[in-house]
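Biologist: I have a model open and would like to learn how to read a few of its features. Could you walk me through them?

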Amino acid sequence: MCVRPPPQRFCPLRPAVPRRSPPPGAGGGEEGGAPAARVRALSPPAARGPGACARREGRRPLPWARGVMAAAGAGAGAGVAALAASVQDFVAGQQDGRAAEVAAGVKDGSWTVLQLVEALGSCLENTDPRTRGRGIQLLSQVLLQCYSLLQEKEVLHLVLFYENRLQDHHLVIPSVLQGLRALSMCEVLSQGLAVSVLKAIFQEVHVQSLLQLDRHTVYSIITNFMGTREEELKGLGADFTFGFIQVMDGEKDPRNLLVAFQIVHDLITKNYALGPFVEELFEVTSCYFPIDFTPPPNDPHGIQREDLILSLRAVLASTPQFAEFLLPLLIEKMDSDLQSAKLDSLQTLTACCAIYGQKELQEFLPSLWSSLRREVFQTASEKVEAECLAALHALSACLSRSVLSSDTEDLLDSFLSSILQDCRHHLCEPDMKLVWPSAKLLQAAAGASLRAYHRVTRSVLPLLLEQYTKHPQSSQRRTILEMLLGFLELQQKWGHVEEDESTLLSLQAPVCSVVFSALTDPSVQLQLVGIRALTVLGSLQGFLSPSDLELVVDHLIRLALCEEDSQSSEAAMEAAGSLAPIYPKVFSGRMVPRLEEELQSEREEESSRDHRSLRQRCLQALAALSIHTSIVRETVPVLLQHLRKVQKGSEAGNAQDVVSVCQSLHRVALQCQQDAEGCWYYHQTVVPCLLAMAVQAAMQESTHPLLGKALLEEEVLTAMVPVISAATTHLSPELAAQSVSHVVPLFLDGEVSFLPQNSFPCSFQPFEDGECLEAQRRLVVLLMAFVCSLPRNVAIPQQERLLRELLALSCSCNCPFTATTAAKCFAGLVNKHPAGQQLDEVLQLAVNRMEPGLAEGPRRTQALTLLLWVTKALVLRYHPLSSRLTDKLLGLLGDTELGPAAADGFSLLMAESPDVLHKGCHADVRIMFRQRFFTDNVPKLVQGFHGAGPDVKANYLKGLSHVLNHLPKPVLVTELPTLLSLLLEALSCSDRVVQLSTLSCLQPLLLEAPQIMSLHVDTLVTKFLSLTSSPTMAVRIAALRCAHALTSLPTTVLLPYKARVIRALAKPLDDKKRLVRKEAVAARGEWFLLGSPGR
C-alpha cells in the first residue's frame, strides 16, 4: 500500500516511499531475489555529477552576507590584514593548515567571526564554485572549533546564510553541511531554527547522491537536533519522519547505517509521530535484514557485522506497529538456507516478543509454531536449535502476559494445545530420534510462566510416569527420567509447590516411587539421573514428607558409602551437600550419626584396604554435608575425634589417614568462610585442636617415638597448612586480633594455656637451640599458615622479635623443611609490614645474614632459599630493595654450585605461591608485577647469557624460560622477535626442566603469533621432532603438543615438511605411555589433513 503525503507538507519532492526492493547495489536476498539487502562494503556511492546544480552556479550571496561584511568593516583593525592573508592562503594557495590558525585567532580574540566573513567577502561572491566552496569550507572549519563562542544573533544570520547556500553548486554543498553541523551544536540556537535547517536539507539536498562523509554529516545534524530540540522536531508531526525516510532511503555504508539505525530507534522510542509512514519506515530499514556484511581486512573503522545486526534488531523490535510487516519477513527468513539468516530471524523474534502482545501475534502463531517445530525436528545445528527454543519460550511468555477477559480467546491455551498435539506422542518412544526434540520444545514452552507450566505438566507428567513403568530397560528409563527431571527443574523457578494447581503435588507418590527405584537400579547412569532428580525434589519446599526425607537420607548414605562406582558415591555426597542446608535437622540427626558410627567401627571381616576406603568416603561425606552452621557444629567434632584416634594409632598408613582428615577439614573451612558465625566457630575449634595435637606429638617424640609421629611428617604438616590458612583468612580484624594474641605467644614464649588438653610433659620452645627440639621447630610451618593468612590491618604482637627469630631459624637450621618454612613465614610478614624504619632495619638485618651465607659455608642452600622468598615478597610490593636482591640472584646464575637452584628460583618469583604471598591470604600484590619484573630483568638475563661460560649458560636459559613461561602471552608476543632465538637455543639444552618450560612457552605462541614463528619453521620442526624421543614423558607430551600447534602456521610454509613430520610422528604412536600416544595421534592427524580441501 502506497501512501502519498498530504499536499501541504513541506516535502513534495516525490511521493511517499513505496514498498521497495533493496537499493541498487545493496545486494539481494538469499535466494530468488528476496528483498533483504545486504551491506556489501564500505565504499561510498558516487557523488552527484558537475551538472546537477548548474542552474545554481551563478547565484550571488544573500544580501545578508554583504550586510555582515559592512558591519564588520567598522571594527577592522591591524589584525585583519593577517586574517586576510590567511584566508588568501587557504582559498587560493590550498594551504589547509591555515584554518586551524584562523580558528585559534577567533578563540583568543584576535578577530571575530564577522571579520572572517568580511575577509571571505570576495570568495563568497566569486562566480567560480570552487572558490566559493573553499571560502565556505574555511568558515565551516572555523565554526566547528568555535561554535561555542557564537552569540544568538550571529547564529541566526549564519543559519540563514547556510540555508541559502544549500541551493548553490554541488561542489559547495559538503562545506555548507559542515557549517550547519557546527551550528547544530550551538546552545544559543533560536527557537524554530532547527526545524528551518532540517526543512532546507530535506527540500534542497539529495542526500544519497553525496559522498559517505557528507551523508554522515547530515545524519549528525539530525542526531544533534534530536538530542537538543526534541519538542521542536515533534511539532513537525509525521513530516519529520517522512523527511528522514527520504534521507536514509538507499544508504549502503555501514558507518552511516549505524547512525541511521540509531535515529530510527530514537524516532520510535521517543514517540515521534510516525503518522501514515509506519510501513515506509519499516521498509526503509527492513530491506537490510538480514545483515550480510564482512568487514574488509585491516578495517580502520572497526565496524563488525554484529554491530549492524544489533542496531537493526533494536529498530525492528522497538515497536508493535511493525509486527504485521515484520513477522511474515521473519517466517520467510527462517526457511532460508543460510544459518546466519535463521539465527538472526530467531533472535529478532525473541526480542520482539518482549514488547508484542496477543493482538500482534495471533494471526501468525500457527506459521511461527510450524517453522520452529520444523527447525528443532530437522536441524543439525545446536545453535539454531537453541535459538528456536529461546524463541518458543519468548512466545509462550508473551502470550502468558496477556490479560484474559470473558469474551477473548485464551491464545496461550490454544498455542500450548498445538504444541502438545505435535509433540506429546513422541514422548512414548524413548528410543526414537524425535523424543528429545519434542521434550525440549515442551520444556521451552512450559518454562515461560507458571500458567504454561501447569498446562503442559498436566498432560505430560502422568504420561512420563506411565512410560517409565512400561519400559523395563535401564537405557529407556534413563531417557524418560531425564525428561521428567527437565520438568521438575522448571518447577524450581516458581518456588513453593501450590496445592491447588500443581500437577506435581498430586503425583507425589508415583514421582517419588520412580526416583527411588532409579536409585536402586544396577545401572550407574540411571542412578546418576535419579540422584539429580532427588536433589531437585528435595529443593521443592513442601513436596517431600518427613518419611520421604528419611528415605532420601538413607538412600544417600547407602550410595555414598556402599556403592562400588565412585561416580554414584560422589554424586550422592554432592546431593547431600545441596539438601543439607534445606533440611539441617534431618541430616544432623540421621546422616551424621551414621557416618560417625562407620568411622568408629572396626570390622574384622573387611580387609584393611576396604576399611580405609570406607573411612575415606565417610570423611568426604562429612565434609560435603558441612554447609549449614548447625551441621558444622556436628561434623567438626566428629572429624577432630577421628583425627585424635588416628594420631594414637601405630599403623603404617596413619600419615595418609591424617592427610585425609585434613583434606576434609580444609573443605569444611572453605565452605564456612562466607558465614561469619560458622567461620569463627570453626577457627576457635579446629586451630587450637590442631596446634595442641601437633605440640603434643613434638614433645613426645623423644620418649614415645611411635606415638603421634605421623603428625610430624612433612606430608601431614603440609596438609595442615591450608586448613589453618582457610580458617584464618576470612576472620574479622577483631576476631583475628583475639586469636593472634594466643598463637604468637605460643611459639615465642611457650604459652600453651589456650590449647585444649594442655598438660604437656615439657615446655614448647621451637626457636631454641638443641637437637631434641628439632621436632618442635618443624611446627613453625603451622605458625606460617596462621600469621601469613591474617588481614594486613591486624597487628601481630612482638612482631620484630618474631621476625628476628624466623630469620635466625631460616639461616641456621639443618632441616631443609624447617628452614624453608621459616623463610616463607619471614617473607610473608615482610610483605605485609608497613613501610618505614622498622622494615628497613629488618631487611638490612636479613641482607647481612644472607650475604655471608651465600658466599661460603655449609648453609649456602638455606641462604639462597631465604634470598628467593624475601626477593619475592619485595617484588610483589614494588619495594626498592627488590632490584638489589634480584641482581644478587642474577649473579648467582654464574655459580657452578648454586646456579641451577638460582635459575629454578625465577619460577618461584613469577609463579603463584599456594600457601603464602598470594592475594587470598591478603598479601600485598601489585598489579602487573610480572611485566615489571620482565622489563627490569630479562635484558640482564640475555646479557648474562652472552657473557657466561659454556658450563653455566644453561642456568641463564632456564631462568629466562621460567620468566617467559609465566608472563602474560600478549606481553610475550610483543617481545617475541628479540627473544625467539634464545628460546630456540633453550630447546637444545640438556636440562629437562628448561626443555619443558620452553615448550610450554612456545606452544601458545605458535597459535598467537604464527607469522613470526613461521620465520623459524625449519628450526622448530627439527627441535620438536627431536624432543618427541626424550626420556622424560612430560617433555615428549609437550613436544607433541607443539608439533600439533605447528599446524596453525600458514599452510604454504608447512607443506615442505609434511612428509617428514608424518614419518617422525609414527614412532610416538607406539610409545609405552598412553598419554603420549594420545597426543601423537592428534598431532599426526592434523599433519595428515594439512593442505586438504576445506581445511
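Modeller: Gladly! A disulfide is a pair of cysteine sulfur atoms within 2.5 Å. Keep in mind that this is a predicted model. Searching the whole structure turns up zero disulfides.

Biologist: Is Cys186 buried or exposed?

Modeller: Buried means under 20% relative accessible area. Cys186 counts as buried because its relative accessibility is 4%. Cys811 counts as buried too, because its value is 15%.

Biologist: Cys811 is one of the buried residues of α39. How many residues does helix α39 have?

Modeller: Helix α39 runs over residues 799-812 and has 14 residues. From first C-alpha to last it reaches 20 Å, close to the 20 Å expected at 1.5 Å a residue. An α-helix has 3.6 residues a turn, so residues three or four places apart point the same way. The buried residues here include Leu802, Leu803, Leu806, Leu807 and Ser810.

Biologist: What covers the buried residues of α39?

Modeller: Among the covering elements are α36 (733-749), α38 (780-787), α40 (816-832) and α42 (860-876).

Biologist: And how should I read cavities? How many of 30 Å³ or more are there?

Modeller: A cavity is a space where a 1.4 Å probe fits but cannot get out. The count comes to one cavity of 30 Å³ or more, and the largest cavity holds about 40 Å³ of space.

Biologist: Which residues line the largest cavity?

Modeller: The lining consists of Arg612, Arg615, Gln616, Leu619, His642, Asp657 and Ser660. Two or more of these come from each of α31 (608-625) and α33 (654-672), and α31 gives the most, with four residues. By type, the lining has one nonpolar, three polar and three charged residues.

Definitions and conventions
Residues numbered from 1 in each chain as written. Predicted model: local features only at pLDDT ≥ 70, side-chain atom pairs only at ≥ 80, totals over all residues. Heavy atoms only, no water. Buried < 20%, exposed > 50% of the residue type's maximum accessible area, 1.4 Å probe, protein only. 1 Å grid on protein atoms, 1.4 Å probe; cavity = no way out; pocket = protein on both sides within 12 Å on 5 of 7 lines; lining within 4 Å. Points joined across faces, edges and corners; volume = space filled by probe spheres on them. Nonpolar A, V, L, I, M, F, W, Y, C, P; charged D, E, K, R; others polar. Expected span 1.5 Å × (residues − 1). Contact = heavy atoms within 4.5 Å.
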